[in-house]
Amino acid sequence: MANTAQGMTTADREYPDPQPNTRRRFLDYLLGTSAVATLGAIVYPIFRFMSPPQVIESAENSVVAAKLTEIPINSGKIFKFGNKPGILVRTATGEFKAFSAVCTHLECIVQYRPDTKQIWCACHNGQYNLGGKNIGGPPPRPLEEYKVNTRGDDVVVSKS
Amino acid sequence: MRIEALRAWLDERLSLSTVAAMAQKKEVPVHRHSIWYYFGGMTLFLFMVQVVTGILLLLYYRPSSETAFESVQFIITEVKFGWLIRSIHSWSANLMIATLFIHMFSVFFLRAYYKPREMTWLSGAFLLFVAICFGFSGYLLPWNKLAFFATKVGTEIAGVIPIVGRPMLRFLRGGDDVTGATLTRFFGFHVAVLPATATALIAIHVLLVQLHGMSVPPKLIGKPVKKMKFVPNFLLRDLIGWILAIGVLAALAALFPWELGEKADAFAPAPAGIKPEWYFLFMFQTLKLIPAKVLGFDGEVLGILAFNGVALLLFFVPFIDRDPENLRRRWIFNVLGVLALIYIVVMTVYGYVT
């Protein structure tokens, strides 16, 4: 407020003070900063609460994806790799291949098509070859490839 | 200039100036009982805290018997400030019931229910009922042992009432026993049915208060009473109370965090020393003390019916004691109120120490 000799406010006249402006401004400052601090103390926990905590990903580095007997030649199988899906393919030549089953386009889950001998995403017709490379449709990147080993009857997939 | 134009634009469409004029006109009487005027607003503030923290808890809570306990555990151990939000929700619920009781008793003793405020009392009595339902349904949601047995006993009590009891028990439990079906129901009541009901009732209650203005005690009716502007004088005092309440809630949550307990198990015995929430304790204690048979009737049934009778009486208070000139009846109501208060306090304390 303007506080020249002529323009005194009623409050100032009721409480005469040699330096009204500085005291009042100091109190206003205290009130304002307290209000901001209080609001901050309320809003900050709420804001932190709303952002979900990181769920610790399972540190699994390898997993038994299938039994040798359950996956015929020229077929594919989705398996759990930690909390993400993977795809295990047994090609027409009998070779094993494993990839992340998450399409690099918009994260749909891909499948193996025995007729085209390709990995195919049904959502937007994305196509990958058996090396995991994106060869048709919208996917921008190849699928992440995993290592496959057979251990007795188990087909073991591990991150390379 | 821009802001002035915006204000004018809004005012033409929303009549803001009418609302502002109404707020300016609102006054609060100043007398030796003025302190009691704060408890209604305090209850409303704590309800707001419940709404905000409740919505936050909904971000992580999972309402099923397999996941409820684990999700609350996740909230208080993994989510940032989850312990704080959950404890504040529990503490604020309890403080809200406490301020609600204080508000009700002050309104009762100051006779704020006299004509034309009968409906205000009625909406308030319904709100008390809704608040107790909030407490009872919310208590089950963490799905821990205490909650499980409290719900078993609480719904069993409803089942004791003749004729309507049994169907009511099945409706509340979603079957014959307390199971996951009960949890789903209570969750629905707690986050949908009760909030909608409470919001409507609060709107009516507060609108009626605006319509009739603040009541003054019978002794002061017709006498000149000092007044205080609601905006900003009383509102700022309210605000100080609310800031203090936030401080108290944060301190309680930090110093006495609300326990989660053990996960409910339908095949485990009830833990020793099991007790309901404090606002049910006086009824709980009474039921423990009533002998099994009173004059040939089931003592338990009599006790429960008596409490139902008193609850029903609460709704009729303004229609029985309606004449400010009838001093005898006013005296009787004062005595009854004091007796009820003493009974509640004594039984609650007795329930705690035994």
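**Close-up 1. Leu208(B) in helix H9 of chain B.** In this predicted model, Leu208(B) lies within helix H9 of chain B, the helix that covers residues 180–212. Leu208(B) counts as partly exposed because 18 C-beta neighbours fall inside 10 Å, whereas a buried residue would need 20 or more. When the neighbours within four places in sequence are left aside, the contacts of Leu208(B) are with Met119(B), Thr120(B) and Ser123(B). Pro116(B) is 92 residues away from Leu208(B) along the chain, and the C-alpha atoms of these two residues are separated by 9.8 Å.

**Close-up 2. Packing of helices H11 and H13 of chain B.** Helix H11 (residues 278–289) and helix H13 (residues 327–353) of chain B pack at an angle of about 85°, and their axes are 8 Å apart. Angles of 65 to 115 degrees count as roughly perpendicular, and H11(B) and H13(B) are therefore described in this way. On the side of H11(B), the contact is made by Trp278(B), Leu281(B), Phe282(B), Phe284(B), Gln285(B) and Thr286(B), while H13(B) contributes Tyr343(B), Ile344(B), Met347(B), Thr348(B), Tyr350(B), Gly351(B) and Tyr352(B). By class, the residues of this contact between H11(B) and H13(B) comprise 9 nonpolar and 4 polar, with no charged residues.

**Close-up 3. Helix H10 of chain B and its buried residues.** Helix H10 of chain B, formed by the 26 residues 230–255, spans 35 Å between its first C-alpha and its last, which is close to the 38 Å expected at 1.5 Å a residue. The buried residues of H10(B) are Phe234(B), Leu249(B) and Ala253(B).

**Close-up 4. The contact between chain A and chain B.** Chain A supplies 7 residues to the contact and chain B supplies 10 residues. On the side of chain A that touches chain B, the residues divide into 5 nonpolar, 1 polar and 1 charged.

**Close-up 5. Domains and elements of chain A.** Chain A is divided into domain 1 (10–50) and domain 2 (62–158), and the centres of these two domains, taken over C-alpha atoms, are separated by 63 Å. Chain A contains 2 helices and 10 strands, and, from the N terminus on, its elements run α-α-β-β-β-β-β-β-β-β-β-β. Of the 160 residues of chain A, 19% count as buried. Among the contacts in chain A between residues at least 6 apart in sequence, 36% join residues at least 24 apart.

Note on methods: Residues numbered from 1 in each chain as written. Chains lettered and ligands numbered in written order. Predicted model: local features only at pLDDT ≥ 70, side-chain atom pairs only at ≥ 80, totals over all residues. Axes fitted to C-alpha atoms, helices over the stretch in contact; angles between N-to-C directions. Helix = DSSP H or I, 4+ residues; strand = E, 2+ residues; numbered from the N terminus. Parallel < 35°, antiparallel > 145°, perpendicular 65-115°, else oblique. Contact = placed C-beta atoms within 7 Å. Nonpolar A, V, L, I, M, F, W, Y, C, P; charged D, E, K, R; others polar. Expected span 1.5 Å × (residues − 1). Buried ≥ 20, exposed ≤ 12 C-beta atoms within 10 Å, placed from the backbone. Domains from an automatic or database assignment.
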